[in-house]
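Please read the following points with the structure open beside you. They are written for someone meeting it for the first time.

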Amino acid sequence: MEEKILICDDEEGMRLYLGKILRNWNYQVESFAEPEMLLRWANEMESVSSLLLLDIKMAQMDGIEVLRRIKQLRPTLPVVMMTGHGTIESAVEAMKLGAYDYLTKPFPQEKLLAMVRHCLEAQRLREENNILKREIREHHIPAPPVFQSSRFGEVLQMAQDVADSDAAILILGESGTGKELIASTINYASHRAEQRFLTVNCAALSENLLESQLFGHLKGAFTGATQTQKGLLEEADGGTLFLDEIGELSPALQAKLLRVLQFGELLPVGSTKPRQVDVRFLAATNKNLEQEIVKGNFREDLYYRINVISLELPPLRERVEDIEPLARHFLDLMAPKLRYPLPSIQPAAMTAMQHYHWPGNVRELENVISRCVILSRGKPIGVELLPFNTDLSSQLQLPADSPFTLREAEKIQVIRALEQTAWNKRRAAQLLETSRKTLDRKIKEYDLTQESTAER
Ligand SMILES: Nc1ncnc2c1ncn2[C@@H]1O[C@H](COP(=O)(O)OP(=O)(O)OP(=O)(O)O)[C@@H](O)[C@H]1O
Ligand SMILES: [Mg+2]
C-alpha cells in the first residue's frame with residue numbers, strides 16, 4: 001500500500017514545496033490549506049493515512065489546538081509539527097500533547113525525508129507490536145470450560161462475578177479438576193486481561209530459586225547471580241500472577257509474599273530498597289490449607305490475604321453429568337490433532353466412564369480419550385480400550401501383592417456371591433453354579449461370617 005501523507009499549512013508555497021518532494025518519493029499526498037478542512041476530513045473520512053505534517057502557526061487556528069483536536073479524532077495518527085523561528089516552546093508543548101517530532105523551518109529535503117521515514121518506521125513497529133500483543137492475547141483466550149452440571153456452573157458463575165474485582169482468589173480442588181483453567185478464565189474476564197498473566201508453580205522449584213524467580217535479584221546477590229534480574233512479581237506489575245500449588249511455599253517465602261499482599265511492596269534478593277508493585281493474585285492448591293495452618297505449615301495471615309474469595313472445583317466423580325460432554329469435547333479436540341478420524345463412543349464405554357471414580361479428574365479423562373483415539377484408529381470406542389477396570393462390581397479386585405492362588409481366588413468369588421445376594425445362600429450358590437452344601441463347606445473352610453465380609 002502506498003503511504004499517504006497529509007499536509008496542513010496555510011502557506012501555499014510550503015504546501016506546493018512539500019507536496020512536490022513527497023510525491024517525488026512516491027508518497028501519496030493530501031494537502032489542506034485550512035485546519036477546519038483537515039478536521040472535517042479526519043472526522044468524516046474513513047480513509048487511513050500514515051502521517052500528518054502540521055504547521056504550528058496558522059492564521060485561522062493555532063497548530064497546537066489543531067493537534068489537540070486531531071489527536072481526539074485520530075489518536076494513532078503520527079503528527080510531525082513544522083515550526084518557524086522562535087516557536088520552539090510551542091514545539092515542546094506539541095510533543096507533550098503527543099506529536100511525534102518537529103521540524104524547524106526552513107528544512108532541507110534530506111531532513112524531511114529522514115523524518116518521514118523514521119516516523120513511518122516507528123508507526124509500523126507500533127502497529128506490529130499491537131498485532132503481536134493482540135495475538136498473544138488471543139493465544140491466551142482460554143477455551144470456555146465444558147460442563148453440564150449445575151455444580152460446576154455455579155463455580156464458573158461465581159468466578160465470572162468476582163473476576164473483575166482485584167480481590168485475591170483461592171482456587172481449591174483435587175488434582176486435574178481445572179484450577180488452572182479457571183484461573184485463566186478469571187484473568188480473561190478481568191480488566192487486567194490485556195496485561196501480563198504470569199504463572200509460577202510453587203512446587204516446581206527449590207526455595208532459593210523460587211525466591212529469586214518471584215522477587216528478582218541484584219547482580220552479585222549470590223553465587224551465579226551475574227546479572228540483575230527482575231522477578232515475576234515485578235514482571236506482572238499491572239497484571240495478574242497465578243501462584244499454583246501455593247500450599248508448597250516455604251515459611252520464609254510465605255512471610256515475604258505476605259508483605260507484597262499487604263503493602264504491594266517487594267524486596268529483590270540482595271536489595272535493601274523495596275519496590276512497589278500492583279499485582280492481582282490468584283492462587284491454587286489441592287491441599288487443605290486450614291489443616292496446614294493447624295499443623296503450623298501455613299501462615300494464617302497469608303491464608304486470609306490470598307483467600308479473599310475461594311472457589312472450590314468439585315471432583316469429576318461428583319458431577320457425572322459432565323463426563324459425557326467432556327469426553328466428546330476431548331474427542332473433537334484430539335482426533336484432528338492426532339490425525340485420526342473422529343471415532344464414536346459405544347454406549348457401554350460411556351457408561352463405564354460415568355461409573356469410574358476418576359482420581360485424576362478431568363486431566364485423566366483427557367488422557368484416556370487421547371489414548372482411545374490412538375488405539376481405536378477411527379473405529380467406535382468400546383470398553384476394551386479403557387485403561388481402568390470397567391467391571392462395575394470390581395471392588396473385590398485382588399490387590400497386586402496378594403497370593404496368586406486358586407484358593408484365594410475361590411475365596412474372593414465366594415465372598416462376592418454372598419455380598420451380592422446379601423447372604424442369601426441359596427441364591428449365592430446358584431450364582432457360583434455350585435450346591436448349597438458345597439457353599440456351606442466353603443463358608444466354614446474360609447471362616448466367613450456375615451460381619452467379617454461386611455467389614456471388607
Ligand atoms: N471444564 C473443563 N472443560 C474443558 N477442559 C477442561 C475442563 N476442566 C479441565 N479441563 C482440562 O483438563 C486439564 C486439567 O485442567 P487444569 O490443568 O486446569 O487442572 P488443575 O486443577 O490445575 O490440575 P493440577 O492440580 O494437576 O495442576 C487441562 O488440559 C484443562 O484444559
Ligand atoms: Mg494446575
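1. In this predicted model, three helices each supply at least two residues of the shell around ligand 1, namely helix 7 (179–189), helix 13 (323–337) and helix 15 (361–376).

2. The shell around ligand 1 is made up of 17 residues, and the closest of them are Pro145, Gly178, Lys179, Glu180 and Val362.

3. Turning to the strands, the model has an open sheet of five strands, which pair in parallel and follow the order 7-10-13-6-14. Strand 7 (197–201) and strand 14 (309–312) are the edge strands, each of them pairing on one side only. On average, and with direction ignored, neighbouring strands of this sheet are turned by 20 degrees against each other.

4. Within this sheet, strand 10 (residues 240–244) and strand 13 (residues 280–285) run parallel and are joined by four bridges. A reader who wishes to follow this pairing at the level of residues may look at Leu243, which stands opposite Ala283 in strand 13.

5. Helix 7, which supplies at least two residues of the shell around ligand 1, also lies across strand 6 (169–172), strand 7, strand 10, strand 13 and strand 14.

How values were computed. Residues numbered from 1 in each chain as written. Chains lettered and ligands numbered in written order. Predicted model: local features only at pLDDT ≥ 70, side-chain atom pairs only at ≥ 80, totals over all residues. Near = placed C-beta within 6 Å. Pairing = 2+ DSSP bridges. Axes fitted to C-alpha atoms, helices over the stretch in contact; angles between N-to-C directions. Contact = placed C-beta atoms within 7 Å.
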